[in-house]
Amino acid sequence: MSSRFERFALYLTVPAGLLVILLYALPILQVLALSVTEGSGALANYERLFTSRAVARVVQTTLVVSISTTLITMVIAYVIAFGMIHMDHRQRKLALLMVSIPFWVSVLVRAFAWITILRSQGVLNSGLMSIGAITEPIQLVYNRVGVTIGMVHYMVPFAVLLLYANLTDIDRRVVQAARSLGARPMTVFLRVWLPMSVPGIAVTTIFILVFSLGFLITPALLGGGRTLMIAEYISVQISNTGRWDLATALSAALLIAVGMLLALVFRSPAMRAAFGGSSK
Amino acid sequence: MTNHFAKDSAEILLQKFRAGQVDRRGFLTALAALGLGVALRPGTAHAADNEVVLCNWGGVAVDAFQQAFGGPFTAKTGMKLVIDGAGPAIGAVRTMVDSGNVTWDVMDNGLIDAQVLSAGNYVEPIDYGIVDKNKIPNFSQEFGVGNYAFANVLFHNKKTTGVEKLTDWKDFFDFDKIPGKRTMCKWIQGQLETILVADGVAPDQLYPLDVDRAFAKLQPHLDKIIFWEGGAQSQQLFRDGEVVMGNIWHTRAKLLIQENPDYAITWNQNTLLISAWSVPKGNPAGKKVFEFINSALDPEPQITLLRLMGNGPTNPAAEAMMTDEDRVFNPTSPANTTGQILIDPTWYAANEADVQNKFLDLIAT
């Protein structure tokens, strides 16, 4: 009975699988193929990734912005998620709603909203100047600061939901045990909550980092043309300069790097446990 | 990179229409004239026997082009114009011709794109037996013929700079005389020229562009320049008071002046780019497409497009048929062509990809 049902359930996933192969895997394979056939061939295309100063700078910018985005996002999201699991039912429902509201607003609209807030005569700067906190406007947008703010804002809801799911799974009896043994709140946090949420933190960090590496619109708008990240660079090479050799090699390299990062992470037992693979 | 401009002029038209500045009846007439064209628009248009398929950058430009070019063409030849707004980006043309399934007859891209595409054998030569060269004496090239013009102009806020009139691009880089942030485009067409003339290169000696000299002139000022990517963004930077001066498209400059008289265009030394009709290799309508192109180069449709989208006519005969109001913001009217720098498509076709990448690298922090 159950095996027949399982088989049936498996068949149900076939259309989705076919769609993924058709619309996702095949185009990616095409990009991979182009990266070895375009221009002056595979070797030259991939060699350029390591010798070009411009590519190195783009990669460096992308890493710096993505890593700082990830770190800031994780701190903010952990605080929110940790707060949420200590709320009562009604408060938590409200908090979940607040966290999901940004999902309804397009990334483009959010970028423009941030410009309105952060620009030199914007809401924040004029507010600070009118209360005398600053005398000159602070440059908060059209640079890396602006890009990072925009990206963190985009990523925090994702991180909160992932961390919240993980934190609710933690067995509260362990916390009670620690308290009954006389641990202060800080000790409980540092020696119970934090170690037990490591798998959740790890999964979320990787998710945010991988997502951040591919940001396109936010850096293009909030960076004022001066924060050039990989996704935008690839897009320029495809549609503007016609350098498909460079674009496809760089996309393939990014894909491989992300794949290796994921493979490395999934080797750790904690991560496998987090995804429920080997915990049985 | 004409594509950036073409898309932007469609956005402008949409805003105008929403704001009720474009004749609603004209707009609806154009929509009705589309007939089946509207219903078929999503997806790829397929050429039937008696029609020509035009690929432009979509949005409201689909309706504007139908009104400007489709109506007169059908009236004259009985053939229908079908518009596909998919955007004839170089990569898209390449993919289509390579696949052997060409569905477009004529494309709205630039003289530069036409040259780039001809190098890879992706476009048909223009048949000047059918297309009358005399209509466009200055921009009739082997693989592309100029369909409209647009300019990058020096633009400033008179109030915040305290300067009533600017002279030329030297003022753009004179941060001592006129402090305040500037904006310029991150796509190099029509930008490098202005840097070089500001550095003292004579406008008639610009090509081949001395890229290193332009970069050296620009570099010390990078922290005072915000780079715009699309027209709407350039307009927003001025509205927000984020910049006091800029190098922006004449269409956006016009909109800014119309909403706030504190702004001014300095037409002196504007850089003029020419968009073009070109024909993909193996187009379905064959030679019939050149009848369309010939009809679309008449002055009347070009003036219609100027009124709808602000794009300047390339047919010199249009000038006499314009009203004074048309001429004010038209980059090809004599009042606006003093010191005008005509962009050389041949230089860009050969060097743009490389120099654009170096430029992005230069301006990145």
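Student: Which residues account for 75% of the contacts in chain A with a separation of 6 or more?
Tutor: In this predicted model, residues 24 or more positions apart account for 75% of those contacts in chain A, a contact being two residues whose C-beta atoms, placed from the backbone, lie within 7 Å. Residues are numbered from 1 along each chain as its sequence is written, and chains are lettered from A in the order in which they are written. Local features need pLDDT of at least 70 and side-chain atom pairs count only at pLDDT 80 or more, while totals for chains, interfaces and linings use all residues.

Student: And what is the secondary structure of chain A?
Tutor: Chain A has 15 helices and zero strands, where helices (H or I, at least four residues) and strands (E, at least two) are DSSP runs numbered from the N terminus.

Student: How many residues of chain B are in contact with chain A?
Tutor: There are 22 residues of chain B in contact with 21 residues of chain A. On the side of chain B that touches chain A, the elements giving two or more residues are helix H5 (90-99), strand S7 (225-228) and helix H17 (345-363) of chain B, and H17(B) provides the largest share, seven residues.

Student: Switching topic, is strand S3 of chain B buried or exposed?
Tutor: Five of the five residues of S3(B), residues 106-110, are buried, so the strand is largely enclosed by the rest of the structure; buried stands for 20 or more other C-beta atoms within 10 Å of the residue's own, with C-beta atoms placed from the backbone.

Student: Which way does S3(B) run against S9(B)?
Tutor: S3(B) and strand S9(B), residues 263-280, run antiparallel and are joined by four bridges, with B:Asp108 standing opposite B:Trp277 in S9(B). Strand S1(B), residues 51-55, runs parallel to S3(B) and is joined to it by two bridges, and here B:Cys55 stands opposite B:Met107.

Student: What about H4(B) and H14(B), at what angle do they cross?
Tutor: The axes of helix H4(B), residues 61-77, and helix H14(B), residues 299-309, come within 9 Å and cross at roughly 165°, the axes being lines fitted to C-alpha atoms over the stretch in contact, with angles from 0 to 180 degrees between N-to-C directions. The two helices are therefore roughly antiparallel to each other, a term that stands for angles over 145 degrees.

Student: Which residues of H4(B) make the contact?
Tutor: The residues from H4(B) are B:Ala64, B:Gln67, B:Ala68, B:Phe69 and B:Pro72, and those from H14(B) include B:Leu305 and B:Leu308.

Note on methods: Buried ≥ 20, exposed ≤ 12 C-beta atoms within 10 Å, placed from the backbone. Pairing = 2+ DSSP bridges. Parallel < 35°, antiparallel > 145°, perpendicular 65-115°, else oblique.
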